[in-house]
Each structure stands twice: as structure tokens, then as C-alpha cells.
Amino acid sequence: MRRLLFLCFLAYALLFVVECRPQYVSSKQKSEALDVLLQNMHRMTMNQSALFDIDPELQVLTLTALLRDILDVESANVRVAKLQPVGAEFSCPTIDPSPEVPQSVHQLRPSDVKVVAAMGDSISASFISLAQNLLEAILLQEYVGNSWSAGGDYSDSTVAATLPNFLHFYNKNLRGQATGSCHALRSGSDNCPNGVFNAARSAAKAISVINQAERLVSRIKEDPDVNLEEDWKVVTLWIGANDLCQCCDLIPSSSRGAKPEEYETQVQEALDYLHDHLPRTFVNLVNIIDVAMLQKVSSDLRCSAFHLFECTCLSFQSKLKEYAEEYQSCLKNLIDSNRYDNREDFTVVLQPFFEQATLPDNAIEFFAPDCFHFNARGQAVAAVSLWNNVGASGKQIKKPVF
């Protein structure tokens, strides 16, 4: 992962190191550069060393020209303003707090929630969600304040459509929502203090979610503004996309995503830890989306190039669909076992709305420049979908509206 991030940083650096003067690069040179770049990206996902087989004197020239073509910029000095978060027009009715702090999670009202938190991967970390083009995407920023499940960015003119901001409408003293941005290498760690209780990490798989649970509990316990025993908490967990993207035979067995039974065990281990260490907690367990749908946004070279190294197994449609359905069934079985219904102050609710998700013809409008991660609009769809389904069950489930 670090080598892959370094490659992106190198490409970014090349764009600005080259002097700002007209330079001609032939179509053949651009093609060679693209081929090398894609090969290196693919090799790095396989934990192999990169290969630079083109003429060293042409490397900077061709890669820079290639980036300029992809980014559609005329000068190496171009800077593009940040895309603003999607404004949230919140029209839900006001609900008074409970007359007294509820003892049961089944009596919980939005205004009773004091703490919000999240675990997961780059979607929950809001990786490059506000990047307007590839030039900004390769800065590798996680706009944690815009995270659908943990973000709390707002100003007088713009409010990010996020679960914490919806809850903040009912409780102005809500604690735990992330703000601003962090570099991807610092996500989910103590090096990103403004992430607060967002423990999600880019590139995370299900096997690492137990570490996120441990780190999250530690942060909550250390926060002097949180009463661990008395404050009601909402934690949202969404994990598994990276496991699906690395489930095929192209990936070495040592790096392959979890098999369905392993996925269930790994998620259960994290939920067990939350159950044992967090009193007064409501957990949203969001079921995995079928990432095979991303083929719908793989129609151009840019998207195909990023999908090659961000979701190497995307072309294995039947395998992805099979694993996605089995992941979904595993989480259903886990929750249906009533494993987390033995306490009045704790529960895990499966949120299956993404199982029914479909992408429209304009799907690209909901994704960041890499055609893989949600942009601000995609993050907003996820947040609204979760909000509309909290407390719903059975036929009441509302699928996402992209």
C-alpha cells in the first residue's frame, strides 16, 4: 500500500517538477508511458517491485504529458478550487429528548445520542471525496469531515449531508464527529486528531477491523468529554469492499481478501469487542454493496486504469457477485443469531439497504475522479440512505437513490 501511494505521489511530483514550457510528446510515447504506469500499478498491488522499461529521459516528459491529458490542464501551475460538500436540506421533524436518559437501547431517540463513531475503509474515511480531478485526487486526502458515517463539517452556507450532522440537528452537544481532512497515511491513527472517533482506514479489509474497534474504544475512554457508562453512542461499521476487490486468483493467497466464513468471523470479532467494552451503544452494521456494479463506470481509459489497481478483481464479475451475496448472508446469519441481544443497553442492527442498490446511467456523477470512491454526492446518498433506514426493518427498507 505504501509503495502504491508513493507511486501516486511520484506522478504528482512529476507534474510540478517539470518546467512550465511547451513540450511535444508523440502518441506512441504517451502510449508507452501509460502502459508502464498501469503495469507498475498492477505489480504494486501484487507486492512486486515496479518496472520502468521506457527511456529514462522520456519518463518525466511522457508521464507529465499523460497526466496533463488525463487531467485536461494546460499548465503545470494550474490549481483547482476544492469541491464543496453537498448541502443538506434537513426537513425531519423535531423530536424532544427522552424525559430521562433511557436505560434501554430500544427506547433511544436521536436527541439522546451523545457520541457518534465509525469504522470501515476508505469510503467511511471519505478518501478523495472532495477532489475535483485527478490532480487533487493524487494528493491522497481523506476528507473526514465529509464522511457519510462520521463527518461533521458545516458552515453558515454549507452543511455536509452526513449521519452526525443529522444527529446534530437533535443534539447540539454531539461528540465524536470528524472535521476537515487528513492524509491517507494518517487515517484512523493518533496522527489525525481531527478524525476524532472515525477509526476507518483507507485500504482496510475485514481482518483489520478488530484493530479499529480496539483503537476506537481506547479513544472514547480517553476523551474527558465522554461519560463511557452514561452517554449513548452510535457506531457505524461498513467493511468488505477491499476484500471483494482482492478475492480472485490474480491476487497472491497471502494478500487475498477474506473468504465468506473468514469475513463473518472477522466482523464478529470486532462486534464482540464493542459489545464487551462499550455500554449504551447502538451499532449500525451496513451490509456490503456488490462492487461488480462498478463496471458501469469503467467505460473510459481513466476509470479502467484506476479500477485495475484499486479493484483488481473487478473483471471477475461472477466471483464478485458470488462473494458479495455470501458476505451479505453471513452478516444476516450473524445478526439473526441474536448474539448481541442479551443486553438492554447494546444492540447491532443490520442495515441492508445497499444490497438493493443499483447505479443509474449517470453513475459517474456520484464517484470521485478515480471512479471508485464516492464523491460528495455519493457520500450524501450513503448518509441519507442510512438515516432513512435507521429503525426500519423488513419491507420498510428503503434502497439508496443515486
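Guide: Accessible areas come from the Shrake-Rupley method with a 1.4 Å probe, and for residues only the protein chains shown count as cover. The protein exposes about 18,000 Å², of which carbon and sulfur atoms supply 50%. This is a predicted model, in which local features need pLDDT of at least 70 and side-chain atom pairs count only at pLDDT 80 or more, while totals for chains, interfaces and linings use all residues. Residues are numbered from 1 along each chain as its sequence is written, and side-chain values use heavy atoms, with hydrogens and water left out.

Visitor: What percentage of the 402 residues count as buried?

Guide: Buried means under 20% relative accessible area, exposed means over 50%, and partly exposed lies in between (1.4 Å probe, protein chains only). Of the 402 residues, 55% are buried.

Visitor: How many helices and strands are there in the protein?

Guide: Helices (H or I, at least four residues) and strands (E, at least two) are DSSP runs, numbered from the N terminus. The protein has eleven helices and six strands.

Visitor: Against which elements do the buried residues of α6 pack?

Guide: Contact means heavy atoms within 4.5 Å. The buried residues of α6 pack against β1 (113–120), β4 (232–238) and α8 (260–277); among them are V209, I210, L216 and I220.

Visitor: Which residues do ring pairs link into a cluster?

Guide: Rings of Phe, Tyr and Trp (its six-membered ring) pair if their centres lie within 6.5 Å; planes under 30 degrees apart count as stacked, over 60 as edge-to-face and the rest as tilted. By this rule the count comes to twelve aromatic pairs. One of these is the tilted pair of F367 and F374, with 5.7 Å centre to centre and 55° between the planes. Both F367 and F374 are buried. The cluster comprises W148, W238, F353, F354, F367 and F374.

Visitor: How many salt bridges does the structure hold?

Guide: A salt bridge is a side-chain nitrogen of Lys or Arg within 4 Å of a carboxyl oxygen of Asp or Glu. The structure holds ten, including one between D361 and K296 (3.8 Å, N to O). D361 lies in the loop between β6 (346–351) and α11 (376–389) and K296 in the loop between β5 (281–286) and α9 (301–310), so the pair ties together parts that are 65 residues apart in sequence. D361 is exposed at 79% relative accessibility, whereas K296 is partly exposed at 42%.

Visitor: Which residues are linked in a network of salt bridges?

Guide: Such a network links D290, K321 and E325.
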